[in-house]
Amino acid sequence: SGSVKAGKMPEGEKTRQCKQEEEQQQKEEKREGLIEFYSSYQELFQFFCSNTTIHGAIRLVCSKKNKMKTAFWSVLFFLTFGLMYWQFGILYREYFSYPVNLNLNLNSDRLTFPAVTLCTLNPYRYSAIRKQLDKLDQITHQTLLDLYDYNMSLPQRDWSTSSTQRRSTRSLLHHVQRHPLRRQKRDNLVNLPENSPSVDKNDWKIGFVLCSENNDCFHQAYSSGVDAVREWYSFHYINILAQVPDAKALDESDFENFIYACRFNEATCDKANYTHFHHPLYGNCYTFNDNSSSVWTSSLPGINNGLSLVVRTEQNDFIPLLSTVTGARVMVHDQNEPAFMDDGGFNVRPGIETSISMRKEMTMRLGGSYSDCTEDGSDVPVQNLYSSRYTEQVCIRSCFQLNMVERCGCAYYFYPLPDGAEYCDYTKHTAWGYCYYKLLAEFKADVLGCFHKCRKPCKMTEYQLSAGYSRWPSAVSEDWVFYMLSQQNKYNITSKRNGVAKVNIFFEEWNYKTNGESPAFTVVTLLSQLGNQWSLWFGSSVLSVMELAELVLDFIAITFILVFRWFHTQQKQSPPGPPLNSQDNTAFQDEAPPLSAPHRFTVEAVVTTLPSYNSLEPRGPSRDDEVGHE
């Protein structure tokens, strides 16, 4: 009894000691480590849901005594997460489709006048090939007589030829006979005899025969006899042109006899304002304002501030089987672009004043991921055979010509000649016609892939044209107009009305339109849309996303700690190896410090509990207090 009383402490001292221990423990709880982790997944989840700024998360822990509410809010919470990420997927898909916005702008400025190409529509009988063309006309005359009983009139010519020319004409006759013009019954009448009364003249198709070097032949047929005769004549005409060794022999310009008057901005044109080239089907062509000299500009719109031409449309010394129309052909195009008269040109009627108004339109596309356009054609796998800048039509024609040289061994006369190649001529390439028409069918069906390889340029200029027509000259003024033309230009045509035409080309307005593209979905737009979706479904901000990222990192860290703890426990539970001797084993045991439980060792080494939760050590009255109390 006395010893117990002696061990008792005064009441005040005991209270003061308890307060000191409690303050010391509170200080230890308030002290934070450099890195804090949680002791369990449950503790991590409870802390996150209680303190996060994501709406609805706290309902997952505040109603834990009501399991129905907890289940309801859990399903609603994760369903909302799923819907939000579904919207995220839609936004990402739209972003990576690289949509664009189309921007339309109207600009007012001095306009650069485009290049204008004018052709005679009259394939010329050049002196270098005149005798061969005359022989071809004779063969055609006999062919039409045999097939249609048509006696084609031929002009009186000097048929005397030299020995060289006679050999050339005999060679021409031989090759024409190898590619004759023939009639063929239609498919549904093939089995009927030729003299059957049910077979009418209209039931025949006309065409010409083309054979390969292996005598594999096919009939290039046409439903129209006019088209068949013109194509057959053109095929032999091209062969004659290809036999001319020097292309300059075909460069016979006759500018003064074709263009009677030329004015731009009320000023007279001269030879420095145009260049000349020869087209196999459209004859002599002249291009005005093609960068060969100073480029024309228009300060004002209207018919008086453009290009005005008076042209002669009479077909003098023409080739009737090639040219079946009368007039001239005109095309408006940009500088440094070739004039493809088949694609963009149109005809000017004789005895008519044609007024062509233009509206300029520029298109600028976005390249890269937004479209497959090309800046300058350097990334297109097709060699540019034209001495001009890249255009889609330039690429397509170059692609066909390169395939022609590769497959047929020669180049088509209508397109530029590649290096090391020569034009197709059946005196050297006997089967080139067969190869050409087979290749042309593959080209139109895009078997060659030219339309896929050739991409649109990112920047291009187009001219929208509209035309008006009126009689020129008028009935009351034609006498003095024709008289002045006869005095100045020696105009002595019998059919005066069909012998001349007038062309006016001008800008309709001073404004021009620019079609541009801009990205419709940028990174800023994507982040804004993602933020809108996040705020819609959870009413939170970027910091809430960081809280979610922190939760994931803490989850990974706790997982590593638990895995490390499990491996450490497994190592301690594994049976020890046989001891070397009792002394060494005793010494080792004396030196080794006593080990606590595995979980206590791990938590004390790496875990610092948060101040808002209980410590891992049990809290309660100390053992000394219990003894003293006893």
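Okay, so let's start with helices α11 and α12. In this predicted model, α11 covers residues 392-408 and α12 covers 432-444, and their axes come within 10 Å and cross at roughly 140°. As for handedness, α11 passes α12 in a right-handed crossing.

Who makes the contact? From α11 you've got I396, F400, N403, M404, R407 and C408. From α12 it's W432, C435, Y436, L439, L440, E442 and F443. If you sort the contact of α11 with α12 by class, you get 10 nonpolar residues, one polar and two charged.

Now stay on α12, but bring in another helix. α8, residues 225-242, has its axis within 12 Å of the α12 axis, and the two cross at roughly 120°. That makes α8 and α12 oblique to each other, too, and their crossing is right-handed. Here the α8 side brings E231, F235 and N239, while α12 brings W432, G433 and Y437. By class, that contact has three nonpolar residues, two polar and one charged.

Right, on to strands. There's an open sheet of five strands, and the order is β9-β10-β3-β13-β14, with antiparallel pairing. So which strands stand at the edges? Those are β9, at 274-279, and β14, at 346-348; each has a single partner strand, so one side of each has no neighbour in the sheet. On average, neighbouring strands in this sheet are turned by 30° against each other, if you ignore direction.

β9 and β10 make a hairpin, with three residues between the two strands. β10 is residues 283-288, and six bridges join β9 to β10, running antiparallel.

The unreviewed UniProt entry annotates residues 71-92 as "transmembrane region". What does the chain look like over residues 71-92? In the model that stretch is 100% helix and 0% strand, and its end C-alpha atoms sit 32 Å apart.

How values were computed:
Residues are numbered from 1 along each chain as its sequence is written. This is a predicted model: local features need pLDDT of at least 70, side-chain atom pairs count only at pLDDT 80 or more; totals for chains, interfaces and linings use all residues. Side-chain values use heavy atoms; hydrogens and water are left out. Axes are lines fitted to C-alpha atoms, for helices over the stretch in contact, and angles run from 0 to 180 degrees between N-to-C directions. Helices (H or I, at least four residues) and strands (E, at least two) are DSSP runs, numbered from the N terminus. A crossing is left-handed if the near helix is turned anticlockwise from the far one by less than a right angle, and right-handed if clockwise. Contact means heavy atoms within 4.5 Å. Ala, Val, Leu, Ile, Met, Phe, Trp, Tyr, Cys and Pro count as nonpolar, Asp, Glu, Lys and Arg as charged, and the others, Gly among them, as polar. Two strands pair if DSSP finds at least two bridges between them. UniProt positions are given in the numbering used here, feature names are shortened, and annotations may be inferred rather than shown by experiment. Angles under 35 degrees count as roughly parallel, over 145 as roughly antiparallel, 65 to 115 as roughly perpendicular and the rest as oblique.
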